[in-house]
Amino acid sequence: MEYRKLPHGGENISIIGLGMGHIHACSKAEAVRTLHAALDAGVNFFDFVPADASAFDAYAEAFKGRRDQAMFQVHLGADYSRGTYGWTIDPKRAIAEFEQRLTTLGTDYADFGFIHCIDEDADLDAVMEGGLWDYALRRRDEGVIRHLGFSTHTPGIARRLLATGEMDLGMFSINPMYDYTDESQYGKGTSADRAGIYREFEAAGVGISVMKAFAGGQLLDAVASPFGRALTREQCIQYALDKPGVLTVLPGVRGMDDLEDALAFLDASPEQRDYSVVGTFAAPVDRGVCVYCGHCQPCPQGIQIGLANKYYDLARMGDELACGHYGNLEYHASDCVQCGHCNRRCPFGVEQMERMGRIAGYFGV
């Protein structure tokens with residue numbers, strides 16, 4: 001397993017986490033086996049929003065005695081009062097359900113207390129003004145919530161929550177379908193806006209946990225995919241992991257087979273993870289933007305081109321640490337000899353030679 005560090009707090013989070021929305025599709029015994037196998041494989045990050053409350057008993061059994069090996073996203077706004085998943089911004093209902101989830105898990109804290117699935121400004125206003133926000137802050141200060149987070153599909157809502165300065169993690173949907181088409185209600189925001197919000201997460205020191213990496217399975221099926229061809233799980237996971245701010249990707253699992261499919265990413269070769277074909281999916285207006293994917297490597301001069309671009313973009317957004325990170329690189333944009341290797345390799349049509357000149361001029365190294 002590989003791990004990435006949470007910027008605020010420093011916890012190491014497994015790059016493969018688990019989405020548990022449909023774990024109830026298997027028996028309780030298999031659910032427990034699946035969760036134990038995930039823990040044994042080094043998975044330490046779990047989302048806690050099943051579609052059916054019947055999954056809770058399996059959770060409680062699987063994590064008994066192993067709580068210290070797992071980090072949970074527990075959502076404020078997931079409502080199971082009718083036995084199946086529901087959504088609420090009613091503070092009394094959301095708070096009662098959150099407290100019940102902790103009891104169910106046999107724990108006295110949530111690693112991440114999440115403001116759940118807010119996509120509209122009016123709903124966020126209700127959360128902020130109706131008591132739920134104050135509750136989350138109070139429980140964070142008491143240590144019952146270790147870190148505050150949120151889930152949304154909307155860049156504008158993410159910006160509002162990032163602006164509070166209180167967030168440590170955000171759950172966001174990231175995949176090529178949402179980034180490059182208007183086919184889905186979940187792909188909210190233009191591609192440029194979505195690329196920008198990933199950078200804003202990173203600049204704010206707020207990590208991203210990725211939901212819907214496979215677009216509900218559509219990207220894995222050539223018929224269902226809007227691109228007319230299938231991607232692999234490995235390509236989709238790597239695509240998400242390469243976005244700024246991303247710490248972990250949470251494939252949904254329905255049992256052992258799905259877990260094994262997700263963990264296969266760890267043994268995949270660079271060729272199997274290579275998603276450069278996505279560059280042919282991007283509309284012309286979306287091309288020419290560096291997404292730090294690393295497909296331009298290796299640079300003959302040793303420049304880490306993706307990192308140079310990332311630190312340049314972050315520095316221009318006001319990240320005070322980015323200049324220092326750029327300065328610590330072994331080779332800089334000023335070392336570029338304009339050989340054209342990066343331009344030929346870039347699947348997104350970025351004029352990297354021209355970018356190297358701008359980056360060198362900006363940093364003056």
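Visitor: Is the crossing in which helix 4 passes helix 6 left-handed or right-handed?
Guide: Helix 4 passes helix 6 in a right-handed crossing. Please keep in mind that this is a predicted model.

Visitor: At roughly what angle do the axes of helix 4 and helix 6 cross?
Guide: The two axes cross at roughly 25° and come within 10 Å. Angles under 35 degrees count as roughly parallel, and helix 4 is therefore roughly parallel to helix 6.

Visitor: Which residues make the contact?
Guide: Helix 4 contributes Asp121, Leu124, Asp125 and Met128, while helix 6 contributes Ile157, Arg160 and Leu161. By class, the residues of this contact of helix 4 with helix 6 are four nonpolar, no polar and three charged.

Visitor: Turning to helix 8, how do the axes of helix 6 and helix 8 cross?
Guide: Helix 6 spans residues 155-162 and helix 8 spans residues 191-204; their axes come within 10 Å and cross at roughly 15°. Helix 6 and helix 8 are therefore roughly parallel to each other.

Visitor: And the handedness there, left or right?
Guide: Helix 6 passes helix 8 in a left-handed crossing.

Visitor: Which residues meet in that case?
Guide: On the helix 6 side they are Pro155, Ala158, Arg159 and Leu162. In helix 8, they meet Asp193, Arg194, Gly196, Ile197, Glu200, Phe201 and Ala204. The residues of the contact of helix 6 with helix 8 divide into six nonpolar, one polar and four charged.

Visitor: Which residues of helix 6 are buried?
Guide: Pro155, Ile157, Ala158, Leu161 and Leu162 are the buried residues of helix 6. They cover an arc of only 160° around the axis, so they lie on the same side of helix 6.

Visitor: What covers them?
Guide: The cover of the buried residues of helix 6 includes helix 4 (121-129), helix 8, strand 8 (145-151) and strand 9 (169-173).

Visitor: A change of topic: where does Thr34 lie?
Guide: Thr34 lies in helix 1, which runs over residues 28-40.

Visitor: Buried or exposed?
Guide: Thr34 counts as buried, because its relative accessibility is 0%; the cut-off for buried is under 20%.

Visitor: What is Thr34 in contact with, leaving aside its neighbours within four places in sequence?
Guide: With those neighbours set aside, Thr34 is in contact with Ile23, Gly255, Met256 and Leu259.

Notes. Residues numbered from 1 in each chain as written. Predicted model: local features only at pLDDT ≥ 70, side-chain atom pairs only at ≥ 80, totals over all residues. Heavy atoms only, no water. Axes fitted to C-alpha atoms, helices over the stretch in contact; angles between N-to-C directions. Helix = DSSP H or I, 4+ residues; strand = E, 2+ residues; numbered from the N terminus. Parallel < 35°, antiparallel > 145°, perpendicular 65-115°, else oblique. Left-handed = near helix turned anticlockwise from the far one by under 90°. Contact = heavy atoms within 4.5 Å. Nonpolar A, V, L, I, M, F, W, Y, C, P; charged D, E, K, R; others polar. Buried < 20%, exposed > 50% of the residue type's maximum accessible area, 1.4 Å probe, protein only. Arc of directions from axis to C-beta.
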